Amino acid sequence: MSGIVVIFDFDKTIVDCDSDNWVIDELGFTDLFNQLLPTMPWNSMMDRMMMELHTQGVTIEDIEKVLHRIPIHSRIIPALKEAHALGCDMRIVSDANVFFIETILKHLGIREYFSEINTNPGYVNEEGRLRILPYHDFNKAPHGCSLCPPNMCKGLIIDKIQNSMYTEDNKRFIYLGDGAGDYCPSLRLKERDFMMPRKNFPVWDLICKDPSLLKAEIHGWSDGEELEQVLLHLINKINMDINSQFISPDCKLHILSVSAPEALPKVLSVRP
C-alpha cells in the first residue's frame with residue numbers, strides 16, 4: 001500500500017448522474033416520485049418507490065438492466081485502475097445504496113478495487129422487492145449533525161475511517177465528491193489531506209463561501225478527464241513526498257487544478 005486512502009462519493013463522482021434518479025426516470029416513475037417526495041426524506045422515499053415499482057411488476061432484473069447502462073465518463077475507469085495499481089486504498093462513502101453501487105461496480109468489473117463501501121443498506125426481501133434502509137437509524141439514534149441529511153452523516157463515517165487508520169499508520173487522504181453531503185467530511189480532513197470538489201456543484205459552492213474553513217488542500221475538477229489528471233497528480237505528489245522523506249505539514253499549495261491553466265477564484269486560495 002502507498003499510504004494513501006482515496007475516498008470517493010459515488011453519484012455524479014464515479015458515475016455521471018444520480019443513480020436513484022436514473023433508476024426512477026428510466027423505469028418511467030418520475031411523476032410519482034415527484035408527487036411523493038415532499039412527504040418524506042429522500043432515503044425513505046427511495047424505499048417507498050421500490051415498493052411502488054414492485055407493485056407495478058418491475059423486477060429486480062429490470063432494475064439491474066437499468067443500472068448496467070448508467071452513464072460514466074470514459075476516463076473514470078482508467079483513473080480507478082491506475083490509482084489501484086499505485087497501491088491506493090480506495091473506499092466509497094455514498095448516500096446511494098449498496099444494491100445500486102454493487103450492481104454497477106460488478107457490471108463495470110471494478111468492484112475489487114474498493115476495500116470498503118459505506119452507504120445505505122439495500123437488500124432483496126423474500127417477496128423479491130428491493131428494500132432501502134438508512135445508514136443511521138434516525139428514528140432511534142439521530143446522528144445530530146445539522147449539515148447532513150437524517151439518514152447519513154458522511155463526516156462521522158470519515159471520523160471512523162480516520163481513527164482506524166491513524167492507529168496504524170500516518171495515512172494521507174484524498175476525498176472526491178460533488179454534493180452538499182460531501183461538505184461535512186471535507187471539514188474533517190487534516191492539513192496533510194486533499195479535498196477534490198466537483199466544480200460548480202453543491203459542495204464546491206459551499207467550499208467557495210469560506211475555503212479557509214478547510215484544513216485540507218483544495219483541488220477542483222469538472223469532469224472525468226480532469227478528475228483523472230488531478231487525482232493521479234496528487235497520488236504521485238504524495239508518493240514523491242513519501243519517497244523523498246520530505247513531508248511538511250505546513251505546506252499549502254495554491255494550485256487548485258493541474259489540468260487547467262486558469263486560476264480558480266482568488267477566494268479559494270488556501271491560506272499559507
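**Charged pairs, one by one**

Tutor: Lys199 and Glu226 form a salt bridge, with their closest N and O atoms 2.9 Å apart; the term stands for a side-chain nitrogen of Lys or Arg within 4 Å of a carboxyl oxygen of Asp or Glu. This pair links distant parts of the chain, for Lys199 sits in the loop between β7 and α9 (202–209), while Glu226, 27 residues away, belongs to helix α10 (residues 224–244). Helices (H or I, at least four residues) and strands (E, at least two) are DSSP runs, numbered from the N terminus. Lys199 is buried, at a relative accessible area of 11%, and Glu226 is buried at 6%, where buried means under 20% relative accessible area, exposed over 50%, and partly exposed in between (1.4 Å probe, protein chains only).

The model is predicted, so local features need pLDDT of at least 70 and side-chain atom pairs count only at pLDDT 80 or more, while totals for chains, interfaces and linings use all residues. Residues are numbered from 1 along each chain as its sequence is written, and side-chain values use heavy atoms, leaving out hydrogens and water.

By the salt-bridge rule the count is 16. Another of these joins the side chains of Arg129 and Asp47 at 3.3 Å, N to O. Arg129 lies in the loop between β4 (122–124) and β5 (130–132) and Asp47 in helix α3 (residues 42–55), so this pair ties together parts that are 82 residues apart in sequence. Arg129 counts as buried at 11% relative accessibility, and Asp47 is buried at 12%.

The side chains of Glu102 and Lys106 also meet in a salt bridge, at 3.9 Å from N to O. These two residues are separated by about one helical turn, because they are four residues apart in helix α6 (residues 98–108). Glu102 counts as buried at 19% relative accessibility, whereas Lys106 is exposed, with a relative accessible area of 56%.

Asp193, in the loop between α8 (183–186) and β7 (194–197), makes a contrast: Asp193 is buried yet has no salt bridge, and the nearest side chain of opposite charge, Arg172, is 5.6 Å away. Lys and Arg count here as positive and Asp and Glu as negative, with His and the chain ends not counted. The side chain of Asp193 does reach the backbone nitrogen of Lys190 at 2.7 Å, and one of its polar atoms lies 2.9 Å from the backbone nitrogen of Phe173.

How values were computed: A polar contact is a pair of N or O atoms within 3.5 Å; within protein, one must be able to donate a hydrogen and the other to accept it, and residues adjacent in sequence count only if both atoms are side-chain atoms.
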